[in-house]
Amino acid sequence: MISLSRSSFLTSSGIYGSCNAFSGRQGIAHSTPVKVVALNPNRERNGSVVMESTLQETREGSTVLDMDPKSTVSGGVQDVYGEDTATEDQLVTPWSISVASGYSLLRDPHHNKGLAFAIKERDSHFLRGLLPPVVVSQDLQVKKMMHNMRQYEVPLQKYMAMMDLQEMNEKLFYKLLIDNVEELLPVVYTPTVGEACQKYGSIFRRPQGLFISLNEKGRILEVLRNWPEKNIEVIVVTDGERILGLGDLGCQGMGIPVGKLSLYTALGGVRPSACLPITIDVGTNNEKLLEDEFYIGLRQRRATGQEYAELLDEFMTAVKQNYGEKVLIQFEDFANHNAFDLLAKYSTTHLVFNDDIQGTASVVLAGLVAALKQVGGTLADHRFLFLGAGEAGTGIAKLIALEISKQTNMPLEETQKNIWLVDSKVKIAWSCSLLFPRHPPLFLFCKCSSLNVFFALQGLIVKSRMESLQHFKKPWAHDHEPVKTLLDAVNDIKPTVLIGTSGVGQTFTKEVVEAMASFNEKPIILSLSNPTSQSECTAEEAYTWSQGRAIFASGSPFPPVEYDGKLFVPGQANNAYIFPGIGLGLIMSGTIRVHDDMLLAASEALAAQVTEENFEKGLIYPPFKNIRKISAQIAAKVAAKAYELGLATRLPQPKDLVKHAESCMYSPSYRNYR
């Protein structure tokens, strides 16, 4: 007999649970076969049991129990099941020592196969009678799920159905998503995830990540250790203050980390057991949520200043202590005033990545590099005007300037001179009478229940405004007379590229687009704000107002547009092109820090995947149906740069990084159990 940890529990038929002493999902604690005796041998065929196990199956002369517990494959996660060291036609044992069977196996999303369990598997794992007699293939399951999914007319219903499937059958969920990525990506992520976050309290069913609130201050390391998976490689964390273009959603922002990590697995091949979604709950300033009886977070105003900084510092320290130096921490949807500071503070001590700042920048730069093949010239030949000077806008601007500097050997200060930003600011008033007399030129009004929201356009960032600018805007303050409206800025600067990152819908008006088309044969217009309601303009508006000459891409998906007898397929500048590949590249190379050159390498790799056939349809991004191959190319370029910079720790460097990336990708296909 062996002693059991406190995480085990007793049932009428034996011992079952996440026992640290022998659970296959938490690592192997013994290097020799262990005999485990059921407490109730008379009922050992019923439900949850622990079977006597003396596994002696060999692979290359070693038993499953003799495998190196530190071996890292498939996205860098410990291969405790032997699944990844086996070939596709070999049988695998999903439990190293204890065997969960019967009803409990059907309730385990990591190992459940539903009707795909073969007859021999049903006998071996006590499933007879618990399933109908038919045995179906995984492909047929996928076909059935897609048939059911298409019956839903409301996107949120599709989202909830996908989340339910993820909780029932993990492999089928990822198989479904990978095989139907173009159709289901808008369901599991933007734009539907925005609505899911807004209603997260109402649709909340089962926790899908860790919630760390102010109540856990001083105990964050303990909270991290409550998570059942111990070999975490990627953490996506948010504090919910700036969810997409929807503002402060507090604890309900958890939909973003959950969605991002689903894409890490589906699009980048990172093992789902290596992914950990986290929401840091410091309160919310959203009055509507604070009054909502279904809200799941702390009912208090947001903590700021030292209290906030101390909690984040404890979190970052605990993550490194618990998961090591090489765990990737992706910051997601933090407000500007925290996002830049957190990235600057921890980029020298942790492997951190901000998708809103760095991921968006990389995917947009890739689109611009691809668009130049249609427009002509180099990046240095173009003028860029941004509406929005927050995380996304300044992040994109910086990466463009870095790429131009790399191509021309010009100082960064010089390359910034052709990049102009118009900032927008959201102000909240509690009644219609609270206007903002300091900035009267343009107001966009949106009424939401009792809350009146005004979006005030601040104007072109120029040197005369230097004293009032936030620090991350100051590099973009140029010599120019003050300009208050976007249309005036377009007419004055005469940009060849117009980029929207404002989070304010319908700001690329007909006059603005027509002005862009008046002095550009092929104006590049990128309307990047999410979700769809916040997009600066639609694809149809961009093509129609430019007489079909615009090169257009958006943050949210838009349907194809027919104009003057030609069909235009609008591209989507979706971060999902970039961050899964970057993450895989960092993980498979064991990189310890993110460098700007890795972002440039990722952009170049993505741009290289755009074909002439794509250009003919008006696309500046490749189709998502090839996203896993694209991610492998990006991962290889990122890893190569990490090795070149001396930041990679997994040595020696593989000879063929693309093949290595593909071999590391998680497969959602079912495996045959013994």
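Residues are numbered from 1 along each chain as its sequence is written. Because the model is predicted, local features were required to have a pLDDT of at least 70 and side-chain atom pairs a pLDDT of 80 or more, whereas totals for chains, interfaces and linings use all residues, and side-chain values rest on heavy atoms, with hydrogens and water left out. The pLDDT, which is the predictor's confidence in each residue on a scale from 0 to 100, averages 84 over the protein, and 80% of the residues score at least 70. Over residues 1-82 the pLDDT stays under 50, and the model has 162 contacts (heavy atoms within 4.5 Å) beyond four places in sequence for this stretch. Residues 426-456 likewise have a pLDDT below 50, with 57 contacts beyond near neighbours in sequence. Where pLDDT is low, the predicted coordinates should not be read in detail.

Side chains of opposite charge can pair when their charged atoms come close. With a salt bridge defined as a side-chain nitrogen of Lys or Arg within 4 Å of a carboxyl oxygen of Asp or Glu, the count comes to 28. In one of these, the side chains of Asp356 and Arg242 meet at an N to O distance of 3.2 Å. Asp356 lies in helix H14 (residues 355-375) and Arg242 in the loop between strand S8 (234-238) and helix H10 (255-268), so the pair ties together parts that are 114 residues apart in sequence; helices (H or I, at least four residues) and strands (E, at least two) are DSSP runs, numbered from the N terminus. Relative accessible area was classed as buried under 20%, exposed over 50% and partly exposed in between (1.4 Å probe, protein chains only); Asp356, at 9%, is buried, whereas Arg242, at 25%, is partly exposed.

A salt bridge also joins the side chains of Arg302 and Asp248 (2.9 Å, N to O). Arg302 lies in the loop between helix H11 (287-290) and helix H12 (305-323), and Asp248 in the loop between S8 and H10, 54 residues apart. Both Arg302 and Asp248 are buried.

In the salt bridge between Lys463 and Asp479, the closest N and O atoms are 3.9 Å apart. Lys463 is partly exposed, at 44%, and Asp479 is exposed, at 61%. Salt bridges that share partners join Arg242, Asp333, Asp356 and Glu391 into one network.

Asp564 lies in the loop between strand S19 (561-563) and strand S20 (566-568), and counts as exposed at 74% relative accessibility. The C-alpha atoms of Asp564 and Gly548, 16 residues apart along the chain, are separated by 7.6 Å.
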